[in-house]
Amino acid sequence: MDLFEKRAMALGLSLVMMFFGLVVYAAKGLQAELPTCLPNARLFQNGRVVEVGPNRYQVDAVAFMWSFDMGQGNTIRIPRGATVDFYVTSRDVMHGYHIDKTLVNLMAIPGAVTYTRVKFDRAGEYQIVCHEYCGLGHQNMAGKVIVE
Ligand code: CUA
């Protein structure tokens, strides 16, 4: 093995170790929730927003061509500082569920439920977009979280 190969391997190994360290830091230091697929979760066909505790909410979001049903149409309103559990599924084909300015980046999969949790510390409007090409109306598929 020549010197170039050794250096390339050392660089590769150190990058892997650095990425692993950053993942551990994000999980522990920043308490970032990784999105999860819940294969045994109850399936649902209709969206809703439920207040489950003091400033805690659960959002069931159903994606379909070409909008999101979150119980109040495609827009939800929550107070500042709310912690929200998002459960996302699809009625038809695979869609995406990305909330701008957050780490929420879920797949909406027919027959499955994906999950993540996010805390909204800042008031404002957060655009929800479908980030998975799902057909002719894909570019119009959007929703909104309004944090008051
Ligand atoms: Cu739904 Cu793209």
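**Fold and local geometry of a predicted protein chain**

Among contacts in the protein chain between residues at least 6 apart in sequence, 62% join residues at least 24 apart; contact means heavy atoms within 4.5 Å. The structure is a predicted model, in which local features need pLDDT of at least 70, side-chain atom pairs count only at pLDDT 80 or more, and totals for chains, interfaces and linings use all residues. Residues are numbered from 1 along each chain as its sequence is written, and side-chain values use heavy atoms, with hydrogens and water left out.

The protein chain contains 1 helix and 11 strands. Helices (H or I, at least four residues) and strands (E, at least two) are DSSP runs, numbered from the N terminus. Along the sequence the order is α-β-β-β-β-β-β-β-β-β-β-β.

The overall dimensions were computed next. The C-alpha trace spans about 65 × 40 × 30 Å along its principal axes. The radius of gyration of the protein chain is 19 Å, whereas a compact globule of 148 residues would have one near 15 Å. This radius is taken over C-alpha atoms, and the globule rule is 2.2 Å times the number of residues to the power 0.38. The protein chain is divided into domain 1 (1–32) and domain 2 (36–147). These bounds come from an automatic or database domain assignment. The centres of the two domains, taken over C-alpha atoms, are 33 Å apart.

Of the 148 residues, 34% count as buried. Buried means under 20% relative accessible area, exposed means over 50%, and partly exposed lies in between (1.4 Å probe, protein chains only). The protein chain exposes about 8,900 Å², and carbon and sulfur atoms supply 59% of this area. Accessible areas come from the Shrake-Rupley method with a 1.4 Å probe; for residues, only the protein chains shown count as cover. There are 14 positive and 13 negative side chains. Lys and Arg count as positive and Asp and Glu as negative, while His and the chain ends are not counted. The centres of the two sets lie 6 Å apart, with each charge placed at NZ of Lys, CZ of Arg, CG of Asp or CD of Glu.

I78 is found in strand β5 (residues 75–78). I78 is buried, because its relative accessible area is 1%. Leaving aside neighbours within four places in sequence, I78 contacts Y57, V84, F120, V145, I146, V147 and E148. R48 is 30 residues from I78 in sequence, and their C-alpha atoms are 13 Å apart.

R91 lies in the loop between β6 (83–90) and β7. R91 has 37% relative accessibility, so this residue counts as partly exposed. Beyond neighbours within four places in sequence, R91 is in contact with Q45, N46, V62, A63, F64 and D69. R91 and S14 are 77 residues apart along the chain, and 44 Å separate their C-alpha atoms.

The peptide bond from M65 to W66 is cis, with omega near -5 degrees. W66 sits in the loop between β3 (56–64) and β4 (67–69). N55 is not a glycine, yet its phi is positive, at about 55 degrees. N55 belongs to the loop between β2 (48–53) and β3. This residue counts as partly exposed because its relative accessibility is 27%. K101, also a residue other than glycine, has a positive phi near 65 degrees. K101 lies in the loop between β7 (95–99) and β8 (105–108). With a relative accessible area of 58%, K101 is exposed.
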